[in-house]
Amino acid sequence: MVKKIFPALIILILAGGVAFFVFKSEPRLNKNFETSHSFFKKFPFHLGLDLSGGSHLVYEADVSAVADDQVSESMDALRDVIERRVNLFGVSEPVVQVQKSSFVEGGDEKLIVDLPGVTDVEKATAMIGQTPLLQFKTEAPAGTPQEVTVDENGNASLNFSAQFVDTDLTGRYLKRAVLEFDATTREPTVSLQFDDTGTKLFAEITKANIGKMVAIYLDGAPISTPVVREEIPNGQAVISGDFTPTEAKQLVGRLNSGALPVPISLLSKQTIGATLGDKATKAGVQAAIIGFLLIVLFLIIWYRLPGIIAAISLTVFITIMLALFKLIPVTLTAAGIAGFIIAIGIAVDANVLIFERIKEELQAGRTITDATSFGFSRAWLSIRDSNISSLITATILFWFGTSLIKGFALTLGIGVIVSLFSAIVVTRIFLKSISFIGEGKIARFLFLSGLSK
Amino acid sequence: MFIVKYKKIFLSLSIVLVVLSITSFFVFGVKTGIDFKGGAITEVSYTDTRPDQETLSKNLESLNLGSILIQPTGENNYIIKSRDLSEAEHSLLLETLSFNGQESLTEANFNSIGPSVGRELTRKAIVAVILVSLAIILFIAFAFRKVSRPVSSWKYGFIAIVTLLHDVIITVGVFIVLSNFYGLELDTLFVVAILTILGLSVSDTIVIFDRIRENLRNSGGINKINFGEIVGHSLEQSFARSIATSFSTILVLLALFLFGPVTTKYFALMLTAGMFIGTYSSIFLASPLLVLVEEKQNKK
């Protein structure tokens, strides 16, 4: 008897371990989450935007000016630039993806930006779309008429812009920008390093303007107008405007992220408020728990002893699924949870197929042990074929989908594979291990199902 | 078995349902949501009591955003449906909704989709249905290749597809009728529901075909047996399983419908309908059709 129960015990212990992992690594369940080992902190559930709140933006990239063989390269460059800009928001886990044009995806090159927790969609799109324009201007030659305007109150103001003329030096020739703090004043400054062309241009400008002002314009407004003391041949410049450290940091980020390689336009945008997402998550979890309990109740009433085994097998299935969601990781959305729920149905189906077969074999007069093993091998073909067809569907959906459909297909697909494991390994081992109850009348009653006696 | 014996009655019933569904499509038409036709949905939640709908509607008219639909929802919320909005229009809308800042509100949900996205979704959905169907015909023809007599394995695949179309058409019909009464709109989740029903319907049909395949194999001399009897016998055997499975799946789906998130409410309902019809059709349509095909073959 011990020998028979042993494999079942191992399964239970392993499943317990997996359940422990799911529990420990989930801040919403584990009250001591903050103090637990850093290993567990690495694996929280990844909630999609519809559950956690946030913004989902779809951009279309205009690649008509790009040669065909360079489209994919410039899309990757575009993604990198946008990713750098997005990272400036300080959003946790932003996702920036390129959706390539193909027969499957349709004709347009698209860029998808997911910003969890960002509900101010306008600020987000503004920051993504913004290209920092850095210009260097020199003093206008003496004799340029000064434009003075006098307003209603009699205050005169000088038109500053007219006093400077454009040079060829712009942010295009920037190699990188770095945030620094002035050694004496502790004020944040932005130090610039030009590339080769920029270095040459900057040397020329500084050489020609010793003792004069060079104005640094950002997005059309002067931010700093230092006076040149000497020629600067090494291509280094420092902007010391009246920055707050945050402003300086953002400026550095924007300068470094550079200009977009291809123009983009916003196709669609979606924002989900955090409370709405929270509600959806709670409702989803509640529905899953109620659904699970209903199934367990039904299985036990209808299938008796095997029903209890199916319930255990189903619990193992759900535990493995949750652990996989954390480990892979799968981003959970409302549609993803729906896929998971369908997968629960498929997992139950495998058990039901097996039990119905066992019942038939019992009614044909076999012993419980024989009926179990025959029932298994007979049910296997049906389980295999129906699961393959579900897998085909899940694969095609995943291959196709918009992000919503993909989430659904992924949880469904994983669910089908794990359900095969839970039916074949877990249910089988448990059925074998309870054969110690013998072949008596009660044992037979427990193995039958439904209304049969 | 009675299902095989009275197959013509069940087949007629299915035909009637399919015809009714197609008719409802033409009579009621399909209301597509912004996922397909483009547009914007803005949901705002007022901190205090929400303002009067008529005042709001008058204020919004002055924005010139075309036809705008205002629906109250929940305690203090409004859902505003309009054409797709640019950044400027969106902020203008929010400003108007808050009476230029007099009423404090939070934006619970904002979704704006350009029309081209919708066209793409439609195309993808159609291609997906076709691809899934083809892949499944191929798979069934392959899986049943050893039982090409008395009915060729291609026909099993073909019948599975007929059953599948039957399920999808009737589910869409149910949706159209529901949408007419409850104002539902066709969205991406609905497409997911249809594609799922596709998968579930086929796997349900396959389980029964599997049983027929097994019984055919065990019956020995193929020419001497009565195909109809074998199908009937197979149905009897897989009856309980089909019902137990769909019953337990429907249990979870109903839980999802009753207690789940608002977004997947009607998705769950559609799946429940699809699951039910899928189980019905694999018992009452697929197998009788198989017998019918065999009988037609024999007459030739």
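Residues are numbered from 1 along each chain as its sequence is written, while chains are lettered from A and ligands numbered from 1 in the order in which they are written. Because the model is predicted, local features need pLDDT of at least 70 and side-chain atom pairs count only at pLDDT 80 or more, whereas totals for chains, interfaces and linings use all residues.

Chain A has a mean pLDDT of 79, and 84% of its residues reach 70 or more, pLDDT being the predictor's confidence in each residue, from 0 to 100. The secondary structure of this chain comes to 12 helices and 15 strands, where helices (H or I, at least four residues) and strands (E, at least two) are DSSP runs numbered from the N terminus. Where pLDDT is low, the predicted coordinates should not be read in detail. Of the 453 residues in chain A, 40% are buried; a residue is called buried if 20 or more other C-beta atoms, placed from the backbone, lie within 10 Å of its own, exposed if 12 or fewer do, and partly exposed in between.

Helix H8 of chain A contains A:Ala311, which counts as buried because it has 21 C-beta neighbours inside 10 Å. When residues up to four places away in sequence are left out, A:Ala311 touches A:Val296, A:Leu299 and A:Ile300, a contact being a pair of residues whose C-beta atoms, placed from the backbone, lie within 7 Å. A:Arg304, also found in helix H8 of chain A, has a positive phi of about 55° although it is not a glycine, and with 17 other C-beta atoms within 10 Å it is partly exposed.

The contact between the chains takes 57 residues from chain A and 55 residues from chain B. On the side of chain A that touches chain B, at least two residues each come from several elements, including strand E14 (264-272), helix H8 (274-327) and helix H9 (334-363). Strand E14 of chain A runs antiparallel to strand E4 (residues 105-113) of chain B, and 5 bridges join the two; strands are said to pair if DSSP finds at least two bridges between them. Within this pairing, A:Ser268 has B:Ile113 of E4(B) as its bridge partner.

In chain B, helix H2 (residues 7-28) has 22 residues and reaches 31 Å from its first C-alpha to its last, close to the 32 Å expected at 1.5 Å a residue, the expected span being 1.5 Å times one less than the number of residues. Its buried residues are B:Lys7, B:Phe10, B:Ser14 and B:Ser21. Seen down the axis of H2(B), these buried residues fall within an arc of 80°, taken over the directions from the helix axis to the C-beta atoms, so they line one face of the helix. On the other side of H2(B), the exposed residues include B:Lys8, B:Ser12 and B:Ile15. Just after H2(B), B:Gly29 takes a positive phi of about 75°.

Key: Contact = placed C-beta atoms within 7 Å.
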